[in-house]
Amino acid sequence: INSVYGASGKGEKGIAALKKQLAAILGFEVDGYVLVDLEAFIETVDLVGGVTFNVPQRMYYNDPTQNLYIDLQAGEQLLDGQHAMQLVRYRRYAEADIQRTKVQQDFLKALAKKCLTFGNITKIKPMIEIFMEYVDTDLTLGNMVYFAQELLKCNFDDMESFTLPGRGGVMINGGDHYALFPSQVLEIVNENFNPYDTDIPLSNLHIRTSGGSGSSY
């Protein structure tokens, strides 16, 4: 999934390929997309006055070729936009990208909660301006107004996020992959995301778990 958008040429072609790939894995087509420029993330964190977050470990990484410099101490602290970006881009964990994904999910929950505090509700206009400049989506204005209204009703302490179960380090066609466990993926989809009235069958999921040309289940 990480490579689909870029490998397909980005833009509309990249989004179309990504939606097709997600449908193959999940068993249903997603309704829409939101493509966020990194600058939007930084500016949003700064706009709400930073986010207090418990950095799980000492983080240090320097890669001039990516213009990437990360230097964070472990522990609870107020992160501004630049330091929040360092947090979500860090990937040297014992569990590699799985732990990185969890940290990203936890931070986004904390950011969403901070955005919807009473003081930050007054900053809706500059938030919209950031959105209009740095975000590309096929959602209509009506869609976005609806989602904004629903967000105000949410209890972010009860919000759940999921990482599809699988294992890393699986070689498929010469590439290093995170191989999904189809039956466990299906269980998560049917319990939490299935848009239909009946369960999605395993035959609707096309998840390759081997290096062959076909799909394995």
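Hi everyone, let's start with the rings: the count comes to six aromatic pairs, where rings of Phe, Tyr and Trp (its six-membered ring) pair if their centres lie within 6.5 Å, with planes under 30 degrees apart called stacked, over 60 edge-to-face and the rest tilted. One of them joins Tyr90 and Tyr93, edge-to-face, at 5.3 Å centre to centre and 90 degrees between the planes.

Before I go on, a word on the model. It is a predicted one, in which local features need pLDDT of at least 70 and side-chain atom pairs count only at pLDDT 80 or more, while totals for chains, interfaces and linings use all residues. Residues are numbered from 1 along each chain as its sequence is written, and side-chain values use heavy atoms, with hydrogens and water left out.

Back to our tyrosines. Tyr90 counts as buried because its relative accessibility is 6%, and Tyr93 is buried too, with a relative accessible area of 8%. Here buried means under 20% relative accessible area, exposed over 50%, and partly exposed in between, using a 1.4 Å probe and protein chains only.

Now a second pair: Phe162 and Phe193 have ring centres 5.6 Å apart and planes at 85 degrees, so this pair is edge-to-face. It links distant parts of the chain, 31 residues apart: Phe162 is in the loop between α8 (141-151) and β7 (166-172), and Phe193 in the segment after α9 (182-192). Helices (H or I, at least four residues) and strands (E, at least two) are DSSP runs, numbered from the N terminus. How accessible is Phe162? With a relative accessible area of 29%, Phe162 is partly exposed, and Phe193 is partly exposed at 45%.

Gln105 lies in helix α5 and is buried, at 19% relative accessibility. Leaving aside neighbours within four places in sequence, Gln105 is in contact, meaning heavy atoms within 4.5 Å, with Ser161, Phe162 and Thr163.

Next, the interior. In soluble globular proteins, nonpolar side chains tend to be buried together. A nonpolar core is a set of buried Ala, Val, Leu, Ile, Met, Phe, Trp, Tyr and Cys residues joined through side-chain atoms within 4.5 Å. Which members of the largest core touch the most other members? Of its 23 residues, they are Phe41, Val45, Met59, Leu79, Leu87, Phe107 and Leu111. At least two residues of this core come from each of α3 (38-47), β2 (51-55), β4 (68-72), α4 (81-89) and α5 (96-115). There is also a second, separate core of 10 residues, including Ile25, Val185, Val189 and Ile207.

On to helix packing. The axes of α3 and α4 are 8 Å apart, at an angle of about 125 degrees. That makes α3 oblique to α4, since angles under 35 degrees count as roughly parallel, over 145 as roughly antiparallel, 65 to 115 as roughly perpendicular and the rest as oblique. Among the residues that meet there are Phe41 and Val45 in α3, and Ala84 and Met85 in α4.

Finally, some backbone angles. Most residues other than glycine have a negative phi. Lys10, though not a glycine, has a positive phi of about 60 degrees; Lys10 sits in the loop between α1 (4-7) and α2 (11-26). Asn67, also not a glycine, has a positive phi of about 55 degrees and is exposed, at 72%. Thanks, everyone!

Terms used: Axes fitted to C-alpha atoms, helices over the stretch in contact; angles between N-to-C directions.
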